Amino acid sequence: MAPKIGVFPASGSLATSIINHLLRLVPASELLLIARYPDKFAHLSRDGATIRYADYDEPESLKKVFDGVGVLMLVSYASFEIEHRVEAHKRAVDSAVRSNVQQIFYSSLAFGGDLSTTSVAHVMGAHLATEEYLANLNPGYFFNYTAIREGIYSESFPIYTAWFDPSDPASPPNNEITIPHDGSGPGVAWAKRDELGEATAKMIISYVKNPEGFPYVNRVVLLSGPREVSLKETVEVLGRATGKDLRIREISVEDYAALPQIRDRHMYHGRDLAVEWASAWEGIRRGETAVTTAVLEKWLDREPEEYESTIEKFIRGQ
């Protein structure tokens with residue numbers, strides 16, 4: 001039986017997009033999808049996909065789960081802890097190597113500037129450690145890897161705007177986005193999530209068809225949006241889309257962590273990481289998310305969607 005394209009975890013927004021685009025390029029029978037809730041993929045099982053159970057937090061479930069996978073899309077653990085997240089990634093990578101997976105694609109994040117190996121953003125810590133682990137695990141002998149720094153999702157604006165909720169008439173209070181940043185540049189090269197999924201799927205298939213010709217073997221690659229957008233402009237775009245006169249008011253990190261709408265949004269395994277999360281704005285301030293490349297456009301074979309267009313469609317969809 002020919003090796004399959006594996007996706008783990010197969011749930012989640014990015015994984016769902018990648019799978020949808022893979023299905024436009026190859027038959028379902030070429031996919032092996034691994035998830036905590038396999039029943040969600042019963043329809044794809046009927047179409048010929050292989051469905052298995054595994055959970056990052058259940059090490060035993062990872063044993064042999066990647067058997068039969070030739071190319072694995074490893075989607076990062078859904079958290080922004082560092083130690084717990086890195087250990088989860090390492091277990092999955094080790095299991096994949098033991099199962100003779102030939103190529104691991106890893107979904108990293110677009111902090112760190114122009115492929116830097118450092119970042120002030122806590123959210124990037126686990127990604128950098130995972131990239132380093134992949135690079136030092138004898139790639140080219142045991143396996144190959146590509147770490148894709150997926151652009152900051154356009155649709156993830158609530159995380160960077162103190163959880164502004166377009167569907168709530170009272171959000172934000174006094175039309176003020178209260179964050180530890182004044183809104184000036186450098187900003188964020190926002191990227192539409194589904195375009196990232198599409199480009200990632202096309203990269204996977206390109207590798208499957210021609211491993212020797214794939215340009216990002218044992219490398220890190222950045223998929224960014226088409227242009228840098230300051231947080232001030234980001235908020236103005238959100239204001240136009242919602243009909244609100246939104247503005248940024250800069251507050252301290254401590255005041256951000258104490259905002260009533262934050263509640264337990266940054267709680268992971270019993271730890272409140274709101275202060276650690278706030279280091280993302282320092283990363284933005286230092287230009288870590290402002291780098292743009294033409295890589296996304298290359299794999300889409302068209303110009304990526306502009307931030308304002310994505311936001312308008314997203315708000316209308318809500």
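Of the 318 residues of the chain, 52% count as buried, where buried means under 20% relative accessible area, exposed means over 50%, and partly exposed lies in between, computed with a 1.4 Å probe and protein chains only. The model is predicted, and local features are therefore reported at a pLDDT of at least 70 and side-chain atom pairs at pLDDT 80 or more, while totals for chains, interfaces and linings use all residues. Residues are numbered from 1 along each chain as its sequence is written, and side-chain values use heavy atoms, with hydrogens and water left out.

The radius of gyration of the chain is 20 Å, which agrees with the value near 20 Å that a compact globule of 318 residues would have; the radius is taken over C-alpha atoms, and the globule rule is 2.2 Å times the number of residues to the power 0.38. Taken along the principal axes, the C-alpha atoms fill a box of roughly 60 × 40 × 35 Å. The chain holds 13 helices and eleven strands, these being DSSP runs numbered from the N terminus (helices are H or I with at least four residues, strands are E with at least two). Among contacts between residues at least 6 apart in sequence, 75% join residues at least 24 apart, a contact meaning heavy atoms within 4.5 Å.

Helix H5, which covers residues 125-136, has twelve residues and reaches 17 Å from its first C-alpha to its last, close to the 16 Å expected at 1.5 Å a residue; the expected span is 1.5 Å times one less than the number of residues. Its buried residues are Ala126, His127, Leu128, Thr130, Glu131 and Leu134, and these pack against helix H4 (83-98) and against strands S5 (103-109), S6 (144-150) and S8 (219-223). On the side of helix H4, Val86 is buried, with a relative accessible area of 8%, and, leaving aside its neighbours within four places in sequence, Val86 is in contact with Ala126 and Ala129. Just after H5, Asn138 takes a positive phi of about 60 degrees.

Most residues other than glycine have a negative phi, and most peptide bonds are trans. Asn174 is exposed, with a relative accessible area of 62%, whereas Asn175, at 23%, counts as partly exposed. The peptide bond from Phe8 to Pro9 is cis, with omega near -15 degrees, and Pro9 lies in the loop between strand S1 (4-8) and helix H1 (13-22). The bond from Gly185 to Pro186 is also cis, with omega near 0 degrees, and Pro186 is located between strand S7 (176-179) and helix H7 (193-209).

Two further residues illustrate contacts between parts of the chain that are separated in sequence. Ser154, in the loop between S6 and helix H6 (157-160), counts as buried at 1% relative accessibility; apart from neighbours within four places in sequence, Ser154 is in contact with Trp190, Ala191, Lys192, Tyr307, Thr310 and Ile311.
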